Structure formats: structure tokens, C-alpha cells
Amino acid sequence: MKYFIDNIASIIKAKWLVQHDNALIEQLLIDSRKLIFPQSSLFFALKGPRRDGHTFINQLYQKGVRNFVVSEAVDVSALSGANVLQVSDPLQALQNLVAAHRKQFSLPVIGITGSNGKTIVKEWLNQLLEEQYTIIRSPKSYNSQIGVPLSVWPLNEQHELAIFEAGISLPGEMEQLQKIIQPTIGIFTNVGEAHSEGFVNVRQKVNEKLQLFRHVETLIYCQDDHEINSGVAAVWQQLPSNKRFEIFSWSMVSEATLQIRTVYKEGVKTTITASYHQQEISIEIPFTDNASVENAIHCWCVMLHLKVPQEVIVEQMQQLGPVAMRLELKKGINNCSIINDSYSADLSSFTIALDFLSQQQQHEKKTVILSDILQSGRSEKDLYAEVARLLQQRQVRRLIGIGERISHNQNIFQGAGIPELAFYSSVDAFIKELMHTPFKDETILLKGARVFELEQIDRLLQQKVHQTVLEIDLTAVAHNLKQFQQLLKPATKMMGMVKAFSYGSGSYEIANALQFHRIDYLAVAYADEGVELRKAGINLPVMVMNPEESTFDVLVQYNLEPDLYSPGILHLFEEYVKKQGIQQYPVHIELETGMNRLGFSMAELPVLTDSLRSPFFKVQSVFTHLASSEDPQHDAYTNEQGELYLKMAEQLQAVLSYPFIRHVVNTAGIVRHPKWHLDMVRLGIGLYGGDSSGEGGLDLREVSTLKSTIAQIKDLKEGETVSYGRRGVVTKDTRIATVRIGYADGYPRRLGNGAGKMLVNGHLAPVIGTVCMDMTMIDITNISHVEEGDEVIVFGGALPVKQVAHWAQTIPYELLAGISQRVKRIYFEE
């Protein structure tokens, strides 16, 4: 189904501020950072508490967007060639448009709401039914006033079943989501205390959630929940007799459509038996927790309602897989493990987090850092009494409370007998005392509402302290970026290479500087590097150059774009997105033109073009690597690579209905081969002050300075030896200094025995003896006024990294990328 801008204007009852042409609209855009195809995108300028979409209109226009929905008058003189529609509320317009789209289709649509379990039930239903149906479903947990319309918009004629979540936080919200989803089958998972702040009581919340099901044909729920059962009965009675929905209930205690008889847990499996239409049936699931049992029964009811054969149900249930949620487990300081769940704070999710904490067996001691719990519906005394009971039940040894409310109720926790207690009014107050709060050999759960920003504590608990530091000059990064930008045409984009920890300079901090200075793209080597950028707030598009099958989940979760470089990785990712129900996922295609490392060869193009005709991918860019762009002797070969690339790219363009970004050159190529700048260039070592072109025409500044300190000074007599293997032989009375850096920090062993030098008090001091894992000795005999604790420059400033790399018989890339992450990074701007 196609929508043109004039159709959309009519649907949303908009006023034309500017009308240029009748553009075809395929994508709905609400986030300027997620722009993929400008010409076919319609941008809704939504207003949020922190950002106003209207401020991004000019930026999007410059990127090619020509269709906008606004609520304010905008300067149309700067938007020539655009279509601008004005409405009173762009969010309402977005919802109305998608609601009209949904009405065009007649198919089973499952709408799921409830306090917990929505995403797992949705994902499990997809696992269970994907062989029987072509399914569209909400990506991840897109269940909000914005997420629901974005989930429903891709619905098309090929889909045979739809599964959408709906979540609310205020009265009046569900009515609009019902119009968008228009479910024919409803699932009410449960009702709890999550997201209760906006409701007077549980009954009000139940009634609001039931608005989703007023026009369903069948409603599935557990009648053991009194509030839900009463609410369903009341709604059912209010409906005209010819419009009442069928009730498909299940129960463990009373008669129901599906009467659960037994739940038997053994090992890692649970067997559930039930009575259905006077027959006994059973399933087995590979989980034993109560939440999974409840979620599986909801799914069972759906499959029975859809008349899936029982033998198929039994087989599929046994194969259910876990659904990744937001709990994160990571290594912390002093041999601690950190569980970060600083997304929400309600009793239901707190219980889940505590269960996860209990599963961790790395450390006997368990600590919980908990913010105020921001939920209504019960007194603070009762609320924190329940928290104390849960902590006591899980044998939590230490509680650190953050916030005024939990601190005010600390006497409740004292009475619960938790051995160690501490309370702070805010995160800042806790951080001030962090040095006096020992954490060692324990598992620490961070649990709190987003407004408390417990991620600050998370970062500190992971922080590594080391007297060897790498100082990064962010002013120099910006300066170097501008040096290269001046070589480009205004329309040429730039991709910043931040792989390998930004050539050793750090990931988030460098990426943040590049984002601030409006670079177009970032590239990392592996998915985990991209995840760290996303967690740190980087919203630029990120290409992952070495995607692996094991990281496909996080690629999608964090909106990272894989480089597909071979038939093998192409087919693996194609199967993955197909299974997940994802379409038009942004990818990059790498071509092999003579580097002979990664990339599709000319002979493999037919395989590639077949896959690109499918609806699962949106090609963001097609690129190749030049083998020797820095060497004038190989310029002819470089041009041959460029010509081959163009020929292959043209073949790909012939099968795609949209343009993609073309890029070929790296840092040296930017300087030496302007012919091959094309649509985008990739800037790597040049950002950090390295001139790989050898041209010397740019005013580049070295970004990194590696420093350490002197741990000890010794006076040696002639004939004594230094370090392992006794290779450092003293031929005269000598004074040496032991510096806190070794090959574990990234200082190469090749620099031992006089090959390398360090700067002390402005003078070069040669390395004496073998470089150790954590220490290196230098000869300071001829340098005066040196004391223990003094600073030593390993490279940077007066001792360029290029010189040290030459001594080590390598290149600056290797030296910079090899600096260990245990070396603390310090960032500064001039």
C-alpha cells in the first residue's frame, strides 16, 4: 500500500504551509538521528520535555528530507522544494495516520498489555507461531504512544498475523493505542505495581488497560487475578450482547477455559497439565520460574485458540528460548561483579532483579544499591517493609539506599536485620563518600529509577586506576578533523574510525567530540565497541566492520549497522532479521577490489544481489578498501581498484530502488586521491595526528600523550645487571629509574635494551634491560634532579609517537591501538 503526501494531508486533516510535489512516503521519522532514506521520509516534529523536533527541521532538510509535519509556523523560505503540513499536535497526527493505515488490513492481530511479561509473551508467540504465519510484531518493547504507531506502520499485505504490545502510564492513553492496534485477540498478562504513579489505584489501572480490548473477538487472561477478572466481567456486561467478546480464561484454582491441573518442576524443566474441552493435555517448558510458567500458559491459550494441533504445541513449547532483557552483568573494581538495572524501580522489576542477583554465584557477599521506589498505591511504610522482606529473603548482606524516601524509612531496614546499611540523599552525596566505602569480592546490584542516574555509580565501580595515563587533547582532535574537512566538497560526508578503542584514545570521549563537531558516521571493529558508544549516549549511525553471529542481538538492540562482507555473514544476518520479523534493517556492503582481506568479489555479486532484492535490508553504503593509497608507486593500482569498485557498485545500484553512500578512501586517500572522495571518506589515524599520506601538507596535531611515573630510583655498580635474562649490563656506575609501565600496558618489548627512550625532565633516557610486564627501567645517570614520583613522558609532545614507533620497528597505528585499557585516559580541551 502506497501513501502520497496529499493522501496523508487528508488523513491527518493538515493545513498546507508549503506544497511542492506529491511525494511518496514510505518511512515515518520522529528521530533525526535515525534518518535512512530522506526522500521518502515524513518527519513529525514532536515536542518532548527536553527536545523540540522543530529545531531539527533545517538539519534534516540539509540531509535531503523534504516532507514535514509541524505544529508551529516555520521559516519556509529556507525550505524550498519541501512539503510542510501543519497540525495542532504532530503526535496525534502520527497516531491518526497509522490508525487509518491499520484499518486497511483484515488479519488476526494480537494486542498484549499488562504490568509485566508483555515483551516475553510477544517474543515467545513469535517463536511458537513463526512456522505457521508470516508475522509482524513490535520491535523490542515498542509499546508507548510513539512506539506503537512505529510498530504498526510496517504492516503490509504479506503479513498473516500481527502481535503488538501496548503500555500506558496515564489514564486516557489506551484509547488511542486501541485505535492504532485494533486487536482482534487480546492478552491481559497481569496487573502489578509497575508504572502505577499515574493511577489512583489498581482498579483504575485495570479499567484503563481493558480499553485495549473493547472490540476484540477473544480475550485471554488469568481469572485468578481478582482485579482483572472483575474488570473483565464489568466490561463484558456493558457491551451489547451482539458485540461481546469471547472469554478464553485460564486458572489454577477454579473452572476456566483452560483449567491448570498440575505444575511440576524438575531440574531445569516444568511440566504443566491442564483440562481443555474435557480433555487432559500437557506441555513441557525449559524454565522453572513462576513468571515463565505464567507467560507460557498465556502463549498456550493463544495457540489453542488458533487451533494449532496439540502435538505441534508440545514440540514448540519444548524449544522455547530465553528472551534477552535489560539486566547487564559486568566486571567491576576489586574483583566485583556489577549488575546494572538502573532503568526503573518498582517492586515487580525489583523482584526480578533480585532473582538474577541470587543466581550469580561468583561471590558470597551480595550488595544492593537501591534508589527511592517511585510508585503509588500503597503507603511508604508498607512499600519499604516489602523491600526489606525481599532483601532478607535473598540474603542480601548490604543495602545502600539513595534518595530522600528510602533514607526516611531506614529504621524499617534496621529492624529487618540486614547486616550493613548506608543511606544517602542523592547520588552525588554517595559519590562524595565512595572512597570510604569499600567494595571487594562481591556482587553489586544497581537498581533505581532513571531520574536518579545510577549509571554514574556504575561507571565509577568499573573505573580502573593506574598511575600510567594517556592524556587525550580533544581540541587537537577537532583541529585535525577540520584540517581534513577543508579538503572535501561540502556534500561529501565523513566517517570517523573509532575502532580499536579509537586507536587507543578511548571510545565514548572521542566519539562524543566527533558527534559534537557533526561528523556523519562512526565505524567500530566489533559490536561491543558500538554498544559502549550507545550506552554512553552516542546517537550517530555506527558501522560495525566485523559483525559476528553471536552479536546479532546487540546489533539490533543498539541500532548498530553491520558490514556484510561475504556470502556467509550475509546469509546468517538475513536469516536472523527474518526470524526476528525485522525489515529494512540498515547494512553496509563491502566489496573486494584488490586488498584481499574482506569483501564480496566480482564473482560473488550474483549471490549478493539476490539477497538485496529481499525486504530485509536497507543498504546504507557500499565501500571498498584501498591497499596502498599512501604510496605513489602504487597509484596506478589504486586507480584500478577505484574503477573496479565503480563497476561493481553500478551492478548493485541496478537492483536497488534507492541510492546508497559510496566510499573508498581512508586518511591517506583523502589527501592523495581527491578523485575518489565520492560520497563519503573514512578518517582514521589522521584524527589522532598521524599523517599516513607522507605529504606533510596538513597542520596536524598529535592528540595523545602517554605518561607514567617513577616508582623507584637505584644506584648500580659496574658489572651489575638489570631485568630478566640479565640482558641489561651496567658498564659503569649507573643510576636507573623504574617506571610504572610495561608490555601489559602496551609498551612493546622491542623497545628494551636501549632501543627505546623516554623523556625525563626534558631529556631522553634510554631503556635499560628487558621491558617487564608492568615495569620498565631507564638510565637516568646523566639527568639531574630526578626523584621518585616524577613524571615520565613515554610518547607525545617533544617525543612524537612516530619516533617511538620507529624505534619499535612498527607504525604509529600499532603503538596507539596497543595501549591497554587498564591505562587510565584523561581528556582535556584547551
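Modeller: Let me begin with a term: rings of Phe, Tyr and Trp (its six-membered ring) pair if their centres lie within 6.5 Å, and planes under 30 degrees apart count as stacked, over 60 as edge-to-face and the rest as tilted. With that, Phe552, Phe573, Tyr576, Tyr585 and Phe617 are linked into a cluster by ring pairs. Please keep in mind that this is a predicted model, in which local features need pLDDT of at least 70 and side-chain atom pairs count only at pLDDT 80 or more, while totals for chains, interfaces and linings use all residues. Residues are numbered from 1 along each chain as its sequence is written, and side-chain values use heavy atoms, with hydrogens and water left out.

Colleague: OK, and how many aromatic pairs does the structure hold?

Modeller: There are 13 aromatic pairs. One of them is the tilted pair of Tyr3 and Trp153, with 5.2 Å centre to centre and 40° between the planes. That pair links distant parts of the chain, since Tyr3 belongs to strand β1 (residues 3-4) and Trp153 to the loop between α5 (147-152) and β10 (161-165), 150 residues apart. Helices (H or I, at least four residues) and strands (E, at least two) are DSSP runs here, numbered from the N terminus.

Colleague: Are Tyr3 and Trp153 buried or exposed?

Modeller: Buried means under 20% relative accessible area and exposed over 50%, with partly exposed in between (1.4 Å probe, protein chains only). Tyr3 counts as buried because its relative accessibility is 7%, and Trp153 counts as buried at 11%.

Colleague: What about Phe248 and Tyr276, how are their rings arranged?

Modeller: Their ring centres are 5.9 Å apart and the planes lie at 25°, so the pair is stacked. This pair also links distant parts of the chain, with Phe248 in strand β13 (residues 246-251) and Tyr276 in strand β15 (residues 269-276), 28 residues apart. Both Phe248 and Tyr276 are buried.

Colleague: Which charged residues lie over rings?

Modeller: A charge sits over a ring if NZ of Lys or CZ of Arg is within 6 Å of the ring centre and within 35 degrees of the ring normal. Arg244 lies over the face of Trp236, at 4.3 Å from the ring centre, and the charged end of Lys757 sits over the ring of Trp807, 5.0 Å from its centre.

Colleague: Switching to the cores, which residues have the most contacts inside the largest one?

Modeller: A nonpolar core is a set of buried Ala, Val, Leu, Ile, Met, Phe, Trp, Tyr and Cys residues joined through side-chain atoms within 4.5 Å. The largest has 103 residues, and those with the most contacts inside it are Leu522, Phe573, Ile589, Leu591 and Phe795. Apart from that core lies another, of 50 residues, among them Ile25, Val69, Leu97 and Leu239.

Colleague: And what does Phe573 touch?

Modeller: Taking contact as heavy atoms within 4.5 Å, and leaving aside neighbours within four places in sequence, Phe573 is in contact with Phe552, Leu555, Pro562, Leu564, Tyr585, Val587 and Phe617.

Colleague: Now helix α24, where do its buried residues fall?

Modeller: The buried residues of α24 are Thr638, Gln641, Gly642, Tyr645, Met648, Ala649 and Leu652. Seen down the helix axis, they fall within an arc of 140° (taken from the directions from the axis to the C-beta atoms), so they line one face of α24. They pack against β28 (585-591), α23 (605-612), β29 (617-624) and β30 (661-663), whereas the face turned away from the buried side carries the exposed residues Ala636, Glu640, Glu650 and Ala654.

Colleague: How many residues of α9 are buried, then?

Modeller: In α9, 12 of the 16 residues are buried, so the helix is largely enclosed by the rest of the structure. Among those buried are Asn295, His298, Trp300 and Met303. Just after α9, Lys307 takes a positive phi of about 65°.

Colleague: Which other residue has a positive phi, of about 55°?

Modeller: That is Lys13, which is not a glycine. Lys13 is placed in the loop between α1 (5-11) and β2 (15-18), and it counts as exposed at 72% relative accessibility.
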